[in-house]
Every structure is written in C-alpha cells, then in structure tokens.
Amino acid sequence: MDEKTKRAVRTGILLAFFIIVIGLLIYSRVTAKPTKETFRDKLDALGLWETPLVYLAIPALYIADYFSHAWICLLFAFGVAGLIYEFVPKETITKYMGKGKVFGYFLALGMAPFLTVCSCTMVPLFGGVLYAGAGIGPAITFLLMAPAANILTILMTGEMISWEIAGVRIIVSAAVALIAGLIVSKTPWGKAVEKEFQIADSAAVSAKVEIVKPPLDERLWAALKFAGYLAKQILPFFILGLIVVGYLSAFIPEKIVETYLTGVSGVLIASVLGGPLYTPTLVEVALGQELFSKGMSKGALLSWLMGQPYDFANAMAVSRIAKWKVVATYVIIAWAGSVTFGLLYGFLSGSL
C-alpha cells in the first residue's frame with residue numbers, strides 16, 4: 001500500500017469516528033434518551049439506611065449512573081473541542097483581537113468559547129492574547145468568557161440541566177465579560193499592563209514565517225490527541241468531584257437546599273460558593289444539577305454556574321501575567337455580575 005492510499009484510509013477512519021460521535025449525540029436527542037439521573041431510585045431500592053455497606057457503594061453507584069446517561073455527550077464535547085482547537089486559526093484570532101476596539105471585543109466574545117474548554121488552557125491563551133498585542137479590554141473579555149461559557153460547559157449544562165439555563169448562561173456571561181473588559185481598559189492599572197505588553201510586542205523580533213498546513217489525516221489525528229489530552233486533564237478531577245457529589249446527593253436534605261439556596265440570600269451564598277470554592281467545570285454542572293433537583297432556585301443556580309471566572313486558582317495564575325489590581329478589578333465585577341444577573345433571572349423566571 002503506497003503512502004497516498006495509507007493517508008486516504010487513515011483520513012476515512014478518523015472522519016468516520018468523528019461522524020459517528022456526532023451521529024450518536026443526534027440519535028440520542030432524536031430518541032429522547034433521558035439525561036436525568038435515577039441515582040436516588042437506586043439508593044432507595046438498595047435500602048440506604050439498612051446497611052452501612054451501601055454507604056461505600058454510593059460513589060460507584062453515582063458515577064455509573066452519571067456516565068450511563070452522559071457518556072455520549074462527554075464523548076461529543078471532547079471530540080468537538082479537539083476539532084475546534086485544531087482547525088480554528090488561533091494565531092489569526094489573537095492577532096486581530098488587538099486591531100480595532102469594537103471588533104476586538106466581539107471577536108473575544110465570539111471565539112473564546114471555542115478556543116478553550118478548561119482553565120488549564122485558558123490562562124496560557126490569555127497570556128498569548130496579550131503578547132500578540134491585543135488590548136487589555138478584549139483580553140479580559142476573552143479571559144472571562146472562556147471559562148464561563150465554553151463549549152464543554154454549555155453542552156453539559158444544556159444536556160444535564162436545561163437548555164434554558166445554558167442559553168441564559170451564554171448571554172449573561174457575554175454581558176459580564178464585556179462590561180469587565182470595558183471597565184478594566186479604562187483603569188490606570190489596566191492601561192499600564194496594556195502598554196507593558198505592547199512595548200514588549202513591538203520590541204520583539206518580527207519574522208515572516210510561512211506556515212505549511214499538515215495533511216488532513218494528521219490534523220484529524222492531532223484533534224483526536226487533543227481531545228484525549230483534555231480528557232486526561234479533566235476526567236480524574238471530574239471523577240473525584242463526582243464522588244463528593246454522590247455523597248452530597250445522598251445526604252443533603254432538600255429542606256436545607258430550599259432554605260439556604262433560594263431567595264436573595266441563596267443567590268449570595270451560591271455566588272460565594274461557586275467562585276472561590278473552585279469546582280472543576282463539569283463537577284460544577286453535576287453539583288448544580290443535584291442542588292437544583294433538591295430545590296435550589298434558578299437564580300441561585302445561575303449565580304453558582306457563573307463562578308468559574310473568579311475562582312482563586314485562576315486568579316492566582318492570571319496574577320502572574322497581569323497585575324493584582326487588574327485581577328481584583330475583574331474578580332469584583334464578575335462576582336457582582338453573578339449576583340446581579342442571578343437575582344434578575346430569578347425574578348424574571350419566577351424562581352428566586
């Protein structure tokens with residue numbers, strides 16, 4: 001078999017894999033495969049309070065139940081994330097993010113969800129955006145939009161909780177990211193960081209490099225490898241989180257959730273727990289789903305889900321690139337946004 005035939009076969013196999021993954025998700029939606037869990041029913045059938053041994057089985061039961069419903073969506077999300085990461089031209093996007101103020105902001109809003117799916121890739125890309133000469137405003141907008149409404153979180157929020165919440169999450173995240181970017185760009189400390197990076201960019205040695213795109217089979221393979229890399233980065237923490245969520249789901253009384261995670265105080269508590277507590281992206285969705293099923297209001301749920309952009313871990317990482325005043329400014333704005341829009345959505349949806 002010659003090299004050309006080998007590449008054609010390899011391309012066909014990889015394309016077939018991605019088409020099957022996409023087809024599985026469409027098929028599951030057409031056949032209305034349930035995404036709501038039956039974890040509680042299984043616990044009740046085992047007699048949760050009859051034997052201590054059941055307590056040890058709770059994490060396994062929860063994880064098995066979760067993946068039996070969510071594996072198609074997870075496979076789709078990781079696969080699509082790999083394709084987007086490989087085929088979306090990141091260098092062009094970061095380059096044009098600093099060309100015009102309005103265009104830069106909307107490019108940051110439009111592309112951030114497709115360029116990253118977890119905080120481990122978001123912070124380096126934020127640094128890359130600044131080093132490419134982008135304004136501090138579009139860079140901050142990118143920084144907040146990516147973790148709050150990336151493709152993985154939106155897909156899982158829509159599939160596991162509701163597409164209404166997912167849609168609201170996108171709109172509110174975009175509004176908060178845009179406001180934070182605009183405000184930071186007007187501050188003296190924001191302008192100082194922008195000037196610092198633009199001087200470094202202009203001082204850099206420029207050289208024209210001709211970029212040769214690899215063949216399609218290699219790019220598809222790279223997309224698959226990136227999807228696997230993301231899975232290796234995220235799934236171990238995700239499974240640890242699911243163990244905790246399993247116990248919380250089994251033992252948190254609905255009365256406590258209905259008392260403390262509803263109303264104005266519920267939104268405030270959710271905004272504090274959702275951010276500084278730092279829960280990995282998918283765990284945040286799984287725990288939000290459980291709390292929502294136990295009586296958490298929609299307003300508090302939205303506030304909880306918007307916590308990713310201002311968690312401590314990301315803030316500390318970003319402070320190594322931008323100054324602490326910049327970090328403190330966007331953290332306060334993001335937190336205020338999660339509270340404001342949580343209250344507003346709760347009031348408008350009748351679930352505060």
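Guide: Before we start, a word you'll hear a lot: a residue is buried when its relative accessible area is under 20%, exposed when it is over 50%, and partly exposed in between (1.4 Å probe, protein chains only).

Visitor: Thanks! What kind of model is this, and how are residues numbered?

Guide: This is a predicted model, where local features need pLDDT of at least 70 and side-chain atom pairs count only at pLDDT 80 or more, while totals for chains, interfaces and linings use all residues. Residues are numbered from 1 along each chain as its sequence is written, and side-chain values use heavy atoms, with hydrogens and water left out.

Visitor: Is Glu284 buried or exposed?

Guide: Glu284 also has 0% relative accessibility, which counts as buried.

Visitor: How many salt bridges does the count come to?

Guide: The count comes to 5 salt bridges.

Visitor: Which residues are linked in a network of salt bridges?

Guide: Arg7, Arg10, Asp217 and Glu218 form that network. One of its pairs is Arg7 with Glu218, whose side chains meet at 3.1 Å, N to O. Arg7 sits in helix H1 (residues 3-30) and Glu218 in helix H11, so this pair ties together parts of the chain that are 211 residues apart in sequence.

Visitor: How about Arg10 and Asp217? How far apart are their side chains, N to O?

Guide: Those side chains meet in a salt bridge of 3.7 Å, N to O. Here too a residue of H1, Arg10, is paired with a residue of H11, Asp217, so the bridge ties together parts that are 207 residues apart in sequence.

Visitor: Which way does Asp217 go, buried or exposed?

Guide: Asp217 is buried, with a relative accessible area of 2%.

Visitor: Changing topic: how many aromatic pairs does a search of the whole structure find?

Guide: It finds 3 aromatic pairs. Rings of Phe, Tyr and Trp (its six-membered ring) pair if their centres lie within 6.5 Å; planes under 30 degrees apart count as stacked, over 60 as edge-to-face and the rest as tilted. Take Tyr247 and Phe251: their ring centres are 6.4 Å apart and their planes are at 10°, so this pair is stacked.

Visitor: Where do Tyr247 and Phe251 lie?

Guide: In helix H11 (residues 216-251), where being 4 residues apart puts about one helical turn between Tyr247 and Phe251. In general, an α-helix has 3.6 residues a turn, so residues three or four places apart point the same way. Tyr247 is partly exposed at 30%, and Phe251 is partly exposed at 35%.

Visitor: How many residues of helix H8 are buried?

Guide: In H8 (residues 151-160), 10 of its 10 residues are buried, so to speak a mostly covered helix. Its buried residues include Ile151, Thr153, Gly158 and Glu159.

Visitor: Back to H9 for a moment. Which residues does Ser185 touch?

Guide: Ser185, in helix H9 (residues 163-186), touches Tyr105, Ile136, Gly137 and Lys191, leaving aside residues up to four places away in sequence. Touching, or contact, means heavy atoms within 4.5 Å. Ser185 is buried, at 16% relative accessible area.

Visitor: One last thing: how far apart in space are Ile256 and Lys294?

Guide: Their C-alpha atoms are 9.0 Å apart, while 38 residues separate Ile256 and Lys294 in sequence. You'll find Ile256 in helix H12 (residues 254-260), and with a relative accessible area of 44% Ile256 is partly exposed.

Methods: Helix = DSSP H or I, 4+ residues; strand = E, 2+ residues; numbered from the N terminus. Salt bridge = Lys/Arg side-chain N within 4 Å of Asp/Glu carboxyl O.
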